[in-house]
Structures are given as C-alpha cells and as structure tokens.
Amino acid sequence: MLLCFSSSHRTADFDLLERLERHAPAITAALSEHSDIVSGSVVLATCNRFEAYLEIDEPLPAARAVSTEAVLGAVSSAAGIDPDTLRAASAVYSDHAVAEHLFAVTSGLESVVVGEGEIAGQVRRALESARAAGSVTSELERVFQVASRTSRGVKNRTGIMSAGRSMVRLALDLAESRVSDWSQTRVLLVGTGKYAGASLAALRDRGATDVRVYSPSGRAPKFARSHDILPVASDGLVDALAESDLVVTCSAVTDYVLTRSVLAEALTRPGALERRLVIDLGLPRNVDPAVSELLGVELLDLETITLHAPLKELQAADDARSIVDAAAAEYRARTAEQAVTPALVALRKHVFDVLDAEIDRARGRGDGSEQTEAALRHLAGVLLHTPSVRARELARNGDASAFVDGVAALFGVDVEAEAASRPRLSAVDDESAAS
C-alpha cells in the first residue's frame with residue numbers, strides 16, 4: 001500500500017516547513033528504521049512542501065491507521081515537532097490518492113505559483129536520492145515514473161508551464177515597483193547552487209548587469225567565473241551589503257547568512273546606500289526576519305511572496321488537471337490489473353505445462369514434428385488471449401476475484417501456491433509474464 005505524508009504551503013506555515021526541511025535527512029533515516037512497516041520511501045523537500053512517499057507492508061484498513069500514526073510519530077520525533085501540531089499541519093494520502101496527488105504535484109498544480117517549472121526537477125532528484133539510498137521499491141519507482149510522464153504531458157499539451165512563473169521570477173515581479181532601472185541596480189547574490197543560477201538568469205532577463213556573488217561556503221570565485229560576474233571575498237560581505245541596492249539570497253546553509261547585526265554594520269559604512277531590498281529565497285531562511293526592523297531595509301521572504309502569488313490561469317490549469325485525472329485513472333486501472341496477474345501467470349503455466357507433457361508423449365510415439373508443435377503452441381496462445389483480456393476487464397471493474405476464483409474452479413489451479421513458488425517479480429516483469 002502507498003502512503004504519502006504531506007505538509008505544504010496549503011496546510012502549514014513556513015516556520016514549520018523550514019523545520020521539516022532542515023531535518024529532512026534525520027526524517028529519512030527515522031523512516032528507514034521502521035522497516036517492519038515501511039518497505040520503501042522517497043522524501044521530497046522543497047521551499048514550500050515536505051512530503052514522504054512510502055510503501056507500507058500492511059494493506060488492511062485497520063493496519064493503515066496504525067501505519068499512519070507510526071509514520072507521523074517518526075517524522076515528529078526526528079524533526080522535534082509536537083505530534084498534534086504536525087497532525088494539524090499535514091495531510092495523509094493513501095492508496096490511489098497518493099498517485100493522483102503526486103501527479104498533480106509533479107505537474108505544478110499544487111505549487112504556490114501554479115505551473116512553476118522547478119518542481120518536476122525537484123521530484124526527479126528526490127527519486128534519484130532515494131535510489132542512491134536503496135529505499136525505492138518497484139511500486140514507488142512505477143508511480144514516480146508515471147508522474148514524470150504525466151508532467152511532460154502537461155508541459156507539452158497545455159500552456160500552464162509558460163503561464164506559471166517560478167518563485168524567483170515572482171519575487172522579482174514584486175520587486176519591480178521598488179526598482180526604477182534594472183541596468184543601474186547593484187545586486188548582491190548570496191548562494192552558488194542551481195537556484196542561484198536561476199536567480200541570476202531571471203535578473204539578467206530584466207536587464208541587471210551589475211551583479212556580484214557571495215558564498216558562505218567559499219564557492220563564489222568558481223561560480224563567478226562560470227557565470228561571468230564578480231565574486232565577493234569571504235571577508236567582504238559587509239562592504240558588499242553596504243554597496244548593494246538589491247540582495248537576493250538562495251543559499252543552502254542552515255544558519256542565517258544575513259543577521260540583523262551584520263546588516264546594521266553595513267548601514268554604518270561610509271557611503272552606504274540609504275535603502276535596499278532584501279529577497280530571501282532560502283529554505284531554511286537565509287535572512288533573519290529582524291532585519292526588516294532596520295531603517296531603509298525592506299524584506300521579501302517566501303511567506304510574503306506566497307501571499308502575492310497570482311491567481312492560476314484557469315483554462316491552462318483545467319486542461320492540466322484533466323490530464324492528471326486521466327493519468328491517475330489509468331494508474332488505478334493498471335494497479336487493479338496486478339490483482340489478476342498471479343492468476344494469469346498460473347493459468348498460462350498450467351496450460352503450457354499440459355501442452356509440453358502432451359508434446360513429450362507425442363514425441364515418444366514418434367508422432368511429433370516441429371510444425372505441429374509450433375501450431376499447438378500458437379493455438380494455446382490464441383486460446384489464452386480472451387481470458388487475459390477478460391481478466392483485465394474484470395480487474396478494472398473491481399471484480400478481480402471472479403477471475404481468480406474461476407481459474408481455481410475450472411482448472412484446479414492453486415494461484416497462491418503457484419505465486420509463492422516463483423521468484424518475486426517487479427510490476428513490469430509481472431505484466432510481461434502475464435501477457
């Protein structure tokens with residue numbers, strides 16, 4: 001059974017999301033310790049959501065509630081968040097609702113800015129990290145692969161990705177009213193990761209040319225060389241702040257890069273600018289919220305930016321939602337088909353075992369020929385085609401047990417015994433074996 005623990009901008013404030021993101025490695029480790037319940041996990045941590053996608057061993061409704069509480073307890077303990085607080089700020093999805101939610105998330109329908117492009121890559125990297133950790137099961141792999149295909153379908157068949165804007169671009173849109181001329185604006189970029197690259201590209205799109213970069217981890221020179229901008233020395237942050245109209249932070253550090261005292265010191269430097277705008281795109285926060293108390297300093301953080309997120313483009317979002325709904329319905333149908341796969345494999349094995357025995361007897365009498373054997377095998381395949389189609393139809397309609405019971409009644413095949421006797425296959429292998 002699939003289970004998703006989700007805490008996002010829709011259910012929680014950014015302080016709680018920041019704490020979850022900060023403790024993501026500890027939460028991942030805590031979930032892996034519950035191997036008696038959790039057989040696989042993929043953890044997604046972004047600037048506005050924290051989600052754990054899990055495969056749970058116990059599918060029964062009663063066990064589902066127990067598993068949900070165990071997962072919530074593990075997250076609560078690892079993040080140091082009161083269980084009741086966490087429960088009130090989270091949503092839990094199970095079974096097919098997990099797939100539908102993941103497809104919507106990956107397609108940008110659940111983002112602060114509907115249609116933003118970064119989320120698909122973040123989901124992909126979460127899966128890659130789980131693969132590297134060995135925590136991905138075949139079912140989790142399948143649902144994430146379908147999510148990726150669904151996201152590409154939404155991107156290629158709707159206008160939602162072009163209509164939606166990234167958090168970086170939305171922040172700069174909000175900054176437009178404070179910036180009279182981007183080409184004359186002195187910008188300090190704090191951070192050197194992928195988000196810093198996206199921020200720099202968005203700044204340049206608006207005409208910013210005077211951009212310098214500072215890195216708390218000392219990577220500024222390398223980033224500056226590769227992006228043709230100037231680096232700030234490790235001891236030059238205060239001077240750089242004093243000379244900057246706009247500061248954009250997007251570092252992965254877990255402590256504040258810009259504290260109230262650091263910025264206050266910058267304001268006292270000779271020739272320091274009287275006003276500056278600070279945009280904090282970091283999660284955890286890169287900027288101490290107290291800097292907004294300083295005269296001449298305005299702070300835009302993720303929480304403020306979220307409040308100004310534009311209304312979604314209705315038509316594009318409706319089209320995207322239709323694609324997601326169709327993909328979720330097909331996923332449910334495919335999952336249902338897996339219920340009859342063991343019976344189909346057992347039936348196929350039974351028929352071909354009988355056929356092989358008859359062919360061996362014919363050969364013993366000198367009766368067999370290659371042409372006859374090929375014709376008989378083809379006939380067996382033809383006869384099995386209709387039961388295979390009918391089995392999948394029954395499964396899609398929620399009546400898989402009728403086929404399983406029919407195979408046992410008509411052919412005397414013990415489906416459970418046959419399934420137990422063969423090696424465990426992945427979902428893809430099962431489909432191939434049954435076809």
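1. A word on classes before we look around: Ala, Val, Leu, Ile, Met, Phe, Trp, Tyr, Cys and Pro count as nonpolar, Asp, Glu, Lys and Arg as charged, and the others, Gly among them, as polar. With that in hand, the lining of the largest pocket divides into 22 nonpolar, 15 polar and seven charged residues.

2. Please keep in mind that this is a predicted model, where local features need pLDDT of at least 70, side-chain atom pairs count only at pLDDT 80 or more, and totals for chains, interfaces and linings use all residues. Residues are numbered from 1 along each chain as its sequence is written, and side-chain values use heavy atoms, with hydrogens and water left out.

3. Back to the pocket. A pocket is found on a 1 Å grid over the protein atoms alone, as an open set of points where a 1.4 Å probe fits, with protein on both sides within 12 Å along at least five of seven lines; lining residues have an atom within 4 Å of a point. The largest one holds about 1300 Å³ of space, a volume filled by probe spheres set on the points, which are joined across faces, edges and corners. Its lining has 44 residues, and E21, A45, Q122, R125 and A252 lie nearest the centre.

4. Which element gives the most to this lining? That is α6, with seven residues. Helices here are DSSP runs of H or I with at least four residues, and strands are runs of E with at least two, numbered from the N terminus. Elements giving two or more residues include α1 (14-22), β2 (38-46) and α10.

5. Now find the open sheet: six strands in the order β7-β6-β5-β8-β9-β10, with parallel pairing. Two strands pair if DSSP finds at least two bridges between them. β7 (230-231) and β10 (297-300) are the edge strands, each pairing on one side only. β10 pairs with β9 (residues 276-280) over four bridges, and I279 stands opposite L300.

6. Helix α10 (residues 194-205) packs on this sheet, touching β5 (186-190), β6 (210-214) and β8 (246-249); contact means heavy atoms within 4.5 Å. The direction of α10 makes about 165 degrees with that of β5.

7. Finally, two backbone spots to check. Most residues other than glycine have a negative phi. D95, in the loop between β4 (91-94) and α5 (96-106), has a positive phi near 55 degrees. D228, in the loop between α11 (220-227) and β7, has a positive phi of about 60 degrees. Is D228 buried or exposed? D228 is exposed, because its relative accessible area is 67% (exposed means over 50%, buried under 20%, partly exposed in between, with a 1.4 Å probe and protein chains only). D95 counts as partly exposed, at 31%.

How values were computed
Axes are lines fitted to C-alpha atoms, for helices over the stretch in contact, and angles run from 0 to 180 degrees between N-to-C directions.
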